[in-house]
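Welcome! Please take a moment with the sequence and the 3D view below, and then we can walk through a few parts together.

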Amino acid sequence: MSATTRERMPALYLSHGAPPLADDPVWPGELAAWSAALPRPKAILMVSAHWEEAPLALGATTTVPLVYDFWGFPEHYYRVRYEAPGAPELAESVRKLLRAPGMPVQDIPDRGLDHGAYVPLVEMYPGADIPVLQVSMPTLDPVRLMEIGRRLAPLRDEGVLIVGSGFFTHNLAALRHAGGVPAWSAEFDDWGRQALDGGDVDALLDFLHRSPAGQLAHPRTEHFAPLFVTMGAADAAGELGEQKSVIDGFWLGLAKRSVQFG
């Protein structure tokens, strides 16, 4: 293993955007600059808002077709390819770290990367030359997701970049009736920034009830849930206080706040 991959990798939560993110004049460059500032990973472990599966599942460990889990977009978005190598060694490490009574692990070997995984990776690592493994979220319970993140934390010392991919605010239905940045999105984003900056884990775990407009910002919580896997991976290393928002602002009214721990 090279000296760069012996560094403890940070743990990331990023807002991933829809396929048209690639056409945004700003955001792809922000993602590219972020990855350029990181140590080069030996492998990438992705947890996406778009894969809920129980028991927890490991995706393909060979290169298989992407999952185009979106509808009604122009044809060219369905022609995107991201043929990253599989990560069978990482998959075996994940099995060993996660398997425990009450926490079975299954394999779904034909399940490719969904857009929550490949859309940001195309911008961050366009060479598709780093092995990638996607794992499912077996629950949306923040406490359980943090525990999964804690169990996965040792991978960071092996050069693995752990990425939770969601969206800091996500209510597409409400956006249809809003112009610009809706108040609920701005208010939740500001609250979340302050909670992260203050290390208020209890507030974040109870975000639906302790945040302004929490249930409007996340009528379903799958896009905020990957944050808790990331937080668990940081907590295990005592790094919850070592976080920074690398990307902020809004995209089509949704908060694109993206956070690095460590």
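## A strand and its neighbours

L12 stands opposite V163 in β6. This is a predicted model, in which local features need pLDDT of at least 70 and side-chain atom pairs count only at pLDDT 80 or more, while totals for chains, interfaces and linings use all residues. Residues are numbered from 1 along each chain as its sequence is written, and side-chain values use heavy atoms, with hydrogens and water left out.

Helices (H or I, at least four residues) and strands (E, at least two) are DSSP runs, numbered from the N terminus. V163 in β6 is also the bridge partner of M46. Two strands pair if DSSP finds at least two bridges between them; here are two such pairings.

| Strand pair | Bridges | Direction |
|---|---|---|
| β1 and β6 | five bridges | parallel |
| β2 and β6 | six bridges | parallel |

Is β6 enclosed or open? Seven of its seven residues are buried, so β6 is largely enclosed by the rest of the structure. Buried means under 20% relative accessible area, exposed over 50%, and partly exposed in between (1.4 Å probe, protein chains only). V160, I162, G164 and G166 point one way from β6, whereas L161, V163 and S165 point the other way.

Next comes helix α4. Nine of the 10 residues of α4 are buried, so this helix too is largely enclosed by the rest of the structure. Its cover includes β1, α2, β2, β5 and β6. At the start of α4, a side-chain oxygen of D114 comes within 2.9 Å of the backbone nitrogen of G116.

How do α2 and α4 cross? The axes of α2 (residues 27–36) and α4 (residues 115–124) come within 7 Å and cross at roughly 70°. That makes α2 roughly perpendicular to α4, a term for angles of 65 to 115 degrees. In contact (heavy atoms within 4.5 Å), P28, L31, A32, W34 and S35 of α2 meet P120, E123 and M124 of α4.

Finally, look at H170, in the loop between β6 (160–166) and α6 (172–175). H170 is buried, with a relative accessible area of 14%. Leaving aside residues up to four places away in sequence, H170 touches A217, H218, P219, E222, H223 and L254. With H223, the side chain of H170 makes a polar contact of 3.4 Å. A polar contact is a pair of N or O atoms within 3.5 Å; within protein, one must be able to donate a hydrogen and the other to accept it, and residues adjacent in sequence count only if both atoms are side-chain atoms.

How values were computed: Axes are lines fitted to C-alpha atoms, for helices over the stretch in contact, and angles run from 0 to 180 degrees between N-to-C directions. Angles under 35 degrees count as roughly parallel, over 145 as roughly antiparallel, 65 to 115 as roughly perpendicular and the rest as oblique.
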